[in-house]
Amino acid sequence: MIAALLRFTNAVIAVALLAACAPPPVADAPLAGAPPAKLGLCVGCHGVRGIASLSGYPHLAGQDAEYLRAAVNQYRDGSRPHAAMRASVNAITQEDLDLIVAYYAALPRDGGL
């Protein structure tokens, strides 16, 4: 129980650090509407335009919305294991996740760059 709590706490800290280190959005390229308010949890790894800023992390720009929604729900229920993703998706509401999924899915595959 304590080990699980420590893993969860470490995942939350990791997500917070990644979000805090996220680069600011670049204002000169068009985006798919205004970014959702809770997008900050995602941009540290996946970028504001859905182009991953870290090696080994998937690009989300232009992904199929149903695929992204299914993946988010799998992270949320633990059937797709990834501590940082589980902590991130469980930190926000389903409504916010739906907005984030729709936003990334609406972006062009190259992130509008």
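Predicted model: local features only at pLDDT ≥ 70, side-chain atom pairs only at ≥ 80, totals over all residues.

Mentor: Residues are numbered from 1 along each chain as its sequence is written, and side-chain values use heavy atoms, with hydrogens and water left out.

Trainee: What makes up the elements of the protein chain, from the N terminus on?
Mentor: They run α-α-α-α-α, with five helices and zero strands. Helices (H or I, at least four residues) and strands (E, at least two) are DSSP runs, numbered from the N terminus.

Trainee: What share of the contacts with a separation of 6 or more comes from residues 24 or more positions apart?
Mentor: Such residues account for 59% of those contacts in the protein chain. Contact here means heavy atoms within 4.5 Å.

Trainee: Which label do V43 and T93 get?
Mentor: V43 has a relative accessible area of 10%, so V43 is buried; T93 has 42%, so T93 is partly exposed. V43 is found in helix α2, and its C-alpha atom is separated by 8.2 Å from that of S53, 10 residues along the chain. T93 lies in the loop between α4 and α5. The C-alpha atoms of T93 and K38, 55 residues apart along the chain, are separated by 9.5 Å.

Trainee: How do you know whether the span of α3 agrees with what its residues should give?
Mentor: The expected span of a helix is 1.5 Å times one less than its number of residues. For the 13 residues of α3 that should be 18 Å, and the end C-alpha atoms are 18 Å apart, so the two agree.

Trainee: And where do the buried residues of α3 sit?
Mentor: In α3, the buried residues are L68, A71, V72 and Y75. They cover an arc of only 100 degrees around the axis, so they are on the same side of α3. The arc is that of the directions from the helix axis to the C-beta atoms. Exposed E66 and D77 are carried on the face turned away from that buried side, and the cover over the buried residues of α3 includes α4 and α5.

Trainee: What makes the buried residues of α5 line one face?
Mentor: D96, L97, I100, V101, Y103 and Y104 are buried in α5. Seen down the axis, these residues fall within an arc of 165 degrees, so they line one face of the helix. On the other side of α5, E95 and A106 are exposed. The cover over the buried residues of α5 includes α2 (40-46), α3 (65-77) and α4 (83-90).

Trainee: What lines the largest pocket?
Mentor: There are 27 lining residues, of which H46, P58, L60, Y75 and M85 lie nearest the centre. On a 1 Å grid over the protein atoms alone, a pocket is an open set of points where a 1.4 Å probe fits, with protein on both sides within 12 Å along at least five of seven lines; lining residues have an atom within 4 Å of a point. The largest share of the lining, five residues, comes from α3.

How values were computed: Buried < 20%, exposed > 50% of the residue type's maximum accessible area, 1.4 Å probe, protein only.
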